[in-house]
Amino acid sequence: MPDDELMPIGAFAQRSGLTSSALRFYADSGLLPPAEVDPVSGYRYYGTDQLDRATALRQLRELAMPLAAVEAVLGSGADEASRLLDEHVAKVVGNAAAVQQKAAVIKSAFGNAPGLPIAVVKGPVLADAVEQVLTAAAYEPGMPALAGLRIEAGHEAVSLTATDRYRLSTRTLVPTEPPSQTWAGTVNGDELRAAVAASRSSPLVRLEAVSHGIWFRVADREDRHCRLLPEEFPDYRLMLASLGEVTTRATVSKDLLLRALEEHPGEHIGLHVADHGVSVMSADDGHPDTPLPATAAGRALQIWFELTTLYPAVSTAIGPDVLLDLRGHDQPVTIRSADRGDLTTLAMPVKSGHSA
């Protein structure tokens, strides 16, 4: 390598963003040996063609990646390096979530205050309800409450609500023991999923609130703690109260509707509701409509949805049939079980079959 392409370790450190001591460490570990070492003085020199590797090494270490993993990434092609990066990030995120959970439990213990009993519910019923309602949650930058689930305990029931602003899902549970007082809080969605999954096989789960979280206590199993989100949850009651009058109503088989949605070729789904039933339409004129047997009443209506909005709203419904309450082509549709009305989902339509 020509001398004019070599630079002393100090200059290379400045250009690569690594310290001289870090460069010595990576040289000794075999990750980034110098291009030349003066046999008399021991001075280390690096080539300009080593800058890319040094920069990548620094960036990977900034992600707290172990040396063995860094070596694997640097020695891999683009696809394998990307996979290794995703694998590392998933591990870091998982570890962070576990640390947050443990910290929340420790903080709760520091408070040393008795929890507030909320309600007692059946474990499998609670687990199913949480899974159904959380399909309407979403991770939205600047709106962390949308990734949570709102739990509200009244004197007769416990309600669960989630929304991503395009869907709103709410379910009411009748507890085995009525709540002794009212309580409301927005629970971390990821932690809640893990908590109720562990309680699915438990006959009863006792919900107990503490200052910054909620405990799920079950007999003969480890109690689970979920943090509360401090951000304000959207005023969904105002949204429900401001819904217009239902002008069209249809009852259709859940399985048949889901099958039609699954076989639909496009991203936008159209529903045509009339006296003869319900038809699933495509924005592509070349794709035929799919007629479904249904009971319909009211005005004939054509309404369009994003597939990603309508499908989860239908798939989480309870029972063999879904009841659709429609208010117009530009108004939210209410989707609920035709035989059990304790799960209600709102789905927002789009303007047409060609534009969201």
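Predicted model: local features only at pLDDT ≥ 70, side-chain atom pairs only at ≥ 80, totals over all residues.
Side chains of opposite charge can pair when their charged atoms come close. The model holds 16 salt bridges.

Start with Arg-200 and Glu-131. These two residues form a salt bridge, and their closest N and O atoms are 2.8 Å apart. Arg-200 sits in the loop between helix 7 (189-199) and strand 9 (204-210), while Glu-131 belongs to helix 6 (residues 123-133), so the pair ties together parts that are 69 residues apart in sequence. How accessible are the two partners? Arg-200 has a relative accessible area of 30%, so Arg-200 is partly exposed. Glu-131 is also partly exposed, at 48% relative accessibility.

Now move to Arg-227 and Glu-191. Here the closest N and O atoms of the salt bridge are 2.6 Å apart. Arg-227 lies in strand 11 (residues 224-227) and Glu-191 lies in helix 7, so this pair links parts that are 36 residues apart in sequence. Is Glu-191 buried or exposed? Glu-191 counts as buried because its relative accessibility is 11%, under the 20% cut-off. Arg-227, in turn, is partly exposed, with a relative accessible area of 23%.

A further salt bridge joins Glu-208 to Arg-217. The closest N and O atoms of this pair are 3.2 Å apart. Arg-217 has a relative accessible area of 26%, so Arg-217 is partly exposed. Salt bridges can also share partners. Glu-80, Arg-83 and Glu-87 are joined in this way into one network.

Where is Asp-325 found? Its place is strand 18, which covers residues 321-326. Which side chain does the side chain of Asp-325 meet in a polar contact? The partner is the side chain of Arg-336, at 3.2 Å.

Set aside the neighbours within four places in sequence. Asp-325 is then in contact with Val-246, Thr-248 and Arg-249, among others. Its contacts also include Pro-332, Val-333 and Thr-334. Arg-336 is in contact with Asp-325 too, and the side chain of Arg-336 is the one that makes the polar contact with the Asp-325 side chain.

Definitions and conventions
Residues numbered from 1 in each chain as written. Heavy atoms only, no water. Salt bridge = Lys/Arg side-chain N within 4 Å of Asp/Glu carboxyl O. Helix = DSSP H or I, 4+ residues; strand = E, 2+ residues; numbered from the N terminus. Buried < 20%, exposed > 50% of the residue type's maximum accessible area, 1.4 Å probe, protein only. Polar contact = N/O pair within 3.5 Å; in protein donor to acceptor, adjacent residues only side chain to side chain. Contact = heavy atoms within 4.5 Å.
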